[in-house]
Amino acid sequence: MKKTALLLALSFLPLATMAQQTQKTRCQSNPEYRQFDFWIGEWEVKNPQDQVAGNSKIELILGDCVILENWTSSNPAYSGKSFNYYNLITGTWQQKWIDNQGIPIEFEGTYDAEAKTMNYKGSGVGQGGVKLDYKLTFFHLTDDHVRQLWEQSSDEGKTWTTIFDGHYRRK
């Protein structure tokens, strides 16, 4: 329903006006697209034991519509990228993750302005075909400190295990 209404509304805009809005206002000025900007920057990432887990460069691409994560683990054999964007049609944030092992994960979520958190959820299939549920939370602690907590459940959300707990410190 939302998608149909949006497409109908957009069809009445002259093409020049629509192109102008798409290029300037939609991604650069619309506050929803800017909710995750607190993660943009170059970061050293440490685990809760204060050991370096890796480095991450987070940047805006594609006319400020996409937040690209460039992750390099302290284990030189592991790296990955994520594409994070606000989906105007669904009104949600989406993340597409892919690593150098060829494992993709997709998340969908929302920003909580009061808690200053980006809250993603996703699902996948683990070894033996076990369904896995994921929670991925980014905590905007300060402008120079972001915490990423990734949790997994194999029992439909009854219990959760931490997969990754990274503290991003701005370089």
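Q: Two strands pair if DSSP finds at least two bridges between them; in β8, which residue is the bridge partner of Met118?
A: Phe138 is the partner of Met118 in β8. Strands here are DSSP runs of E with at least two residues, helices are runs of H or I with at least four, and both are numbered from the N terminus.

Q: Before going on, what sort of model is this, and how is it numbered?
A: The model is predicted, so to speak of local features takes a pLDDT of at least 70 and side-chain atom pairs count only at pLDDT 80 or more, while totals for chains, interfaces and linings use all residues. Residues are numbered from 1 along each chain as its sequence is written, and side-chain values use heavy atoms, with hydrogens and water left out.

Q: OK, what elements does the protein have?
A: There are 2 helices and 10 strands. Starting at the N terminus, the order is α-α-β-β-β-β-β-β-β-β-β-β.

Q: And how do the strands go together?
A: The 10 strands close into a barrel, ordered β1-β2-β3-β4-β5-β6-β7-β8-β9-β10, with antiparallel pairing. From one strand to the next the twist averages 25 degrees, with axes as lines fitted to C-alpha atoms (for helices over the stretch in contact) and angles running from 0 to 180 degrees between N-to-C directions.

Q: Back to β8. How many bridges does β8 make with β7?
A: β7 and β8 pair in the antiparallel sense over 9 bridges. The two form a hairpin with 5 residues between them, and Gly128 in that turn has a positive phi of about 75 degrees.

Q: Which non-glycine residues have a positive phi?
A: Among them are Asp64, with phi near 65 degrees, and Lys116, at about 60 degrees. Most residues other than glycine have a negative phi. Asp64 sits in the loop between β2 (52-61) and β3, and Lys116 in the loop between β6 and β7.

Q: Why does Asp64 count as partly exposed?
A: Because its relative accessibility is 27%; buried means under 20% relative accessible area, exposed over 50%, and partly exposed in between, with a 1.4 Å probe and protein chains only. Lys116 is also partly exposed, because its relative accessible area is 35%.

Q: How much of the protein is buried?
A: Of the 171 residues, 34% count as buried.

Q: Ser153 then. Where is it, and is it buried or exposed?
A: Ser153 lies in strand β9, residues 145-153. Ser153 counts as buried because its relative accessibility is 0%.

Q: What does the Ser153 side chain reach?
A: It reaches the backbone nitrogen of Gly157 at 2.8 Å and the backbone oxygen of Thr159 at 2.9 Å.

Q: And what does Ser153 touch?
A: Leaving out residues up to four places away in sequence, Ser153 touches Lys131, Leu132, Asp133, Lys158, Thr159 and Trp160. Contact means heavy atoms within 4.5 Å.

Q: New topic: what volume does the largest pocket have?
A: About 550 Å³. A pocket is an open set of points on a 1 Å grid over the protein atoms alone where a 1.4 Å probe fits, with protein on both sides within 12 Å along at least five of seven lines; lining residues have an atom within 4 Å of a point. Grid points are joined across faces, edges and corners, and the volume is the space filled by probe spheres set on the points.

Q: Which residues lie nearest its centre?
A: Tyr78, Trp97, Ile105, Trp150 and Ile163, out of 23 lining residues. Strands that each supply at least two residues of the lining include β3 (66-73), β5 (92-99), β8 and β9.

Definitions and conventions:
Polar contact = N/O pair within 3.5 Å; in protein donor to acceptor, adjacent residues only side chain to side chain. Pairing = 2+ DSSP bridges.
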